[in-house]
Amino acid sequence: MDQEVNQLVQAILIASDPTQGTLHQQALEYLSNVQQNAASSWRLALALFVDTTPDGARKHPPQARFFGLQVLDNFLDNRYEPLDEDSFTTLQQALVGYIQSEYVYGPAESSAPFLRNKFSHTLTLFFLCTYVEQWPSFLTDLFSLIRPSESSSQSTFNPHVSLLFFHIVLEISGEVADAILKSARTWNAARQARDGRVRDAVRDRDAARINEAVLTIVANSADRMSKLRKGELDVPTPEKELSTAEEVVDWGVRTFASYVGWIDINLTVTPTTIPLLFTLLSDPSLPIRLATCGALTRIVAKGLKEPADKLQLIKVLSLGEVLDALESRTRSEQEARGEDTDEAEESYREALGKLLNVLGLELMKLIDDCLNEEIRSEASRLLEQCLPVMLRFMSDEYDDTSSTIFPMLSTILSSYKKAKKVSTDPIDDSKRSFLTSLLRVILEKFKWEEDADPDDMDEDDKAAFETLRKDLRTFLDAVLVIDQDLVTDAVRTLSINTLTAYRNGAAIKWTDAELSLYLIFIYGEINKSGGKGRAAFCQAPPIPRGEDRRKFDYSEYPLTSHGEMLYTMAHSGISAYPHRAVAMQFFETAARYGDFFKVRKDCILPVLEAMVDTRGLHSPHSSVRSRVFYLFHRFVKEDRNEITSEVALKLIDSIRDLLPVQVELPQLEDETQDMLTEAVNNPGIFDSQLYLFEAAGTLVSLISKAPEQQAALLLSIVKPQLDQLATSLQAVKGPQDHIPILEVHHIIMALGNIAKGFPDYPSEIPEGYTPPPLDVFREVAQAILTSLNAMNVFKVVRDATRFAFARIIATTGPNVTSFIPPLMASLLTHFELVELVDFMNFIGLLVHKLQLDIFDVLDQLIGPLSERITEVLSQPVTGTDDQLAHTDTKRAYLGLLNTIVSSSVHGIFISERNKGRFENLLESMEQLATDLSDPGSAKAAFTFLGRCVSVWGRRPEEIAANGNGNALAGAQSLPGFERFIYEQLVPLAFKVLSLPNFNIKDGQMLMVLHEIANFLQTVCKTRGQEAYDFFVNVFLPAQNWPQDMSVDFATKLRDFDGKGFRKYFVDLVRASRAGS
């Protein structure tokens, strides 16, 4: 065996040296084979780990011995049956001998401490395999090694064996009782049963001895630790001895904590353990204090069947008083440290907070769940003692400590809210006093730290503070539900007093200024009982139905509390505060509550003035400008009806210098990236600048009462863009001219957003309607089309053109339809597959906006487009990306078809040009309807077929009565369509229901079933009595339906509304499938 062991060692050394070339790979493969065959190689591994030289030293290097333990782990892990006797004896003797030589009399792997942890894990796996049946005295034998013989000069307990013992018990607890570890493992019935047997055996045989040994060692080491600190022991290396004693106590307490949850509470909570733990809770050693906090937390959280037992446990521990004293002491120490942060000591306060949190949660369980009034009353009294301590922890300047009690607080507030729901009585004085104190803490914790810089801080820190604010907002929301007046008065008083003081010239800290604005910002979220729209800010009577609220004068009515706060904010001048966070919070708040400015119009101008000067749009900081571009757009859009023409003109003049587009080239990560694509996907500030262009369009639209002035104003904005567009076009010589190409893209997008700022063109022109400056928009459309014709080889230009034309058409309606044919021709000259979905969405928008005005264009386009899409969908799918693209294309195509058939241009399907393709189209829809691998497309196919029935399946007498020209033409040009409905479509619907992969329990399949129900009702409603007779006398009898069932189905199909029939149909299908 020596030769094999030496060969294994050599392989391990070679495997750890990558410079060995091919030998390195061979060594790795050899070692992998050894590990995979642990059942036959474990003896080799055991020798590798335990072998010694003649002088008693370990024979092999640490990394080789570590590998030996890995092989042993592979052999022992997942073994749920006893070992054979020879293997067991060999391992037992070798491992006990190793412990004696290395831990009892040796250095305990002092030169390779990582082996200690690994060995404790291996020994635990051996314990799990053998304890129940083969080595029941495992723990007893280990205990005997902890206390050495009387002739030894060592201290009372061997620290090396003690630590090994602790590590093994910790490992055992983790393996058989730790819920987190168990949930992380794949569930295994054999392992679950084995762990249960081991856990029960330990409880029966050794739980008391384990507990006694642990506590005895901890007490002995704690006493030794105390004497060493006092200098009462004469030892050669007192510092090393003290360190060893502290380590033993630390690990001993951790070990105690690991098993308190799964052994008898009467063993762990005794008259000796509690004083010992409370002494250690104040020990100078931080690790010991933290371990003790963990142990007490586990004790308090231990599940007990009887509420009375849990209450008694809590009373015995008296943790409320202890934590009160420790919180006060540690807070005093914290204050004494001043600016000198001690993260270690802060972690102790955090641990104390967690202990209090668990105590509070356990008391709340007794209060909320226990039926015994006496127990509930006593638990409430104990909780009352904890509340002031909880608030002091919550007010800690360190957020990690503060947040430890959040679960406890959340549970308390939830209990208060439940009590509020079932009782109309006001809350008692003690609860109100607590809520008042809590409110003060919440409002103080909302503040930024004074030395923080929100614009220049670590993203993780910033996110953590935002998360804290979110949690605090939840608590504020809860308190408001319990006592609305309390919160409203506190928030209103703080905000208005702070803003008024600033307006009067008082010095205000930036954190206080920002908080006052933040509270106004969130008040609308938390005050869920407030009114909606203008009613949230003004106590005005309801406006009579039909009266124009824009002409209603709200100024004479008093403001709500939120309205008062916003009014004070608008007139306080706080936006001029010399701190970016304050100005930005002002802008965020103003933009959020646009309805307020409709009831106090005098507040609009101060906000807009602040937004357009150096505080906002003209700020020297790009991050501020970028955000205010959006907020300005949002404010203008929301309150456009309150902005006068004069103000709109001034605003436009003030933002002209910001309208030249800004092009930024990103840094490419590798050569495979396309600069144009990356620049468009990462446009920098231009992405936000687009909001400014839309706002400019909105402001121009407000000058509608002076059409000539409006046209001139719009032209003054777009003309510089058009001039730059022409210049950039001239500058493009090839695909490498990234800057001018991107300028073309950006300008086209900007022009589209200017159009987006105008209202949509009405489908029906109202009396007195003033159209937008159509000549200017035609000039813009022509310029964009010219650019596209020159640069349609660039996808980014095609994308921008589709976007811009979509917005221009939405604004101008049918007045630019003459541009559509050349636009389509140019877009399709160069075309990539990835553009297909966007192109179909664009066509759908044109259909929606232009209806019959696009009939001729669509009549020419739909045939070639359908053929192209059919070709694309017939291509084989080779990967995930292909599958996604295939699905997106199919759904976009179905969406377009449904848009067309639902519009006034459905006649294109049966026009002279396209009627030859219509039958193929219907066949493809039938195929899609039966393809349940894509339920979304199947549903859309049935939607299309149903709409076809509505359009071309009408009865002649109905067409004659309606006199609808388009519907009439469609029906007359499709003779025999009713036969197609009865012979093809209705059987198709029932065929889908019988497909083997139709799973009614699947939510997506249920949507298909609903659409089939809609389709069948469409057939019945469109064909009338004829359809009823067909179902009762022809189709359903042919499907072997009984007569009464056929009549019942057809009657419900005819008489039920859509929702009622869908429910009936689903129940019918479900019942039929359950019975089959």
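Author: A residue counts as buried under 20% relative accessible area, as exposed over 50%, and as partly exposed in between. The model above is predicted, and every value below is computed from it.

Reader: Is N78 buried, exposed or partly exposed?

Author: N78 has a relative accessibility of 49%, so it counts as partly exposed. The residue sits in the loop that joins α4 (62–76) to α5 (85–104).

Reader: What is the phi of N78?

Author: Phi of N78 is near 60°. That is a positive value in a residue other than glycine.

Reader: Where is E109, and what is its phi?

Author: E109 lies in the loop between α5 and α6 (114–130). Its phi is about 55°, again positive although E109 is not a glycine. As for accessibility, E109 counts as buried because its value is 3%.

Reader: Which helix holds S937, and which residues is S937 in contact with?

Author: S937 belongs to helix α42, which covers residues 935–952. With a relative accessible area of 1%, S937 is buried. Contact here means heavy atoms within 4.5 Å. Once neighbours within four places in sequence are set aside, the contacts of S937 are K890, R891 and L894.

Reader: Which residues touch the most other members of the largest nonpolar core?

Author: That core has 363 residues, and the ones touching the most other members are F165, F632, F1031 and F1049. Take F165 as a case: apart from residues up to four places away in sequence, it touches L139, L142, F143, I146, I210, A213, V214 and I217.

Reader: Now the whole chain. How many helices and strands are there, and how much of the chain is buried?

Author: The chain has 49 helices and zero strands. Buried residues make up 49% of its 1076 residues. Among contacts with a separation of 6 or more, 72% come from residues 24 or more positions apart.

Reader: What is the radius of gyration of the chain?

Author: The chain has 40 Å, whereas a compact globule of 1076 residues would have a value near 31 Å. The C-alpha trace spans about 115 × 85 × 70 Å along its principal axes.

Reader: What is the accessible surface of the chain, and how far apart are the mean positions of its positive and negative charges?

Author: The accessible surface is about 50000 Å², with 50% of it belonging to carbon and sulfur atoms. There are 106 positive and 147 negative charges, and their mean positions lie 5 Å apart.

Technical notes. Residues are numbered from 1 along each chain as its sequence is written. This is a predicted model: local features need pLDDT of at least 70, side-chain atom pairs count only at pLDDT 80 or more; totals for chains, interfaces and linings use all residues. Side-chain values use heavy atoms; hydrogens and water are left out. Helices (H or I, at least four residues) and strands (E, at least two) are DSSP runs, numbered from the N terminus. The radius of gyration is taken over C-alpha atoms; the globule rule is 2.2 Å times the number of residues to the power 0.38. Buried means under 20% relative accessible area, exposed over 50%, partly exposed in between (1.4 Å probe, protein chains only). Accessible areas come from the Shrake-Rupley method with a 1.4 Å probe; for residues, only the protein chains shown count as cover. Lys and Arg count as positive and Asp and Glu as negative; His and the chain ends are not counted. The place of a charge is taken as NZ of Lys, CZ of Arg, CG of Asp or CD of Glu. A nonpolar core is a set of buried Ala, Val, Leu, Ile, Met, Phe, Trp, Tyr and Cys residues joined through side-chain atoms within 4.5 Å.
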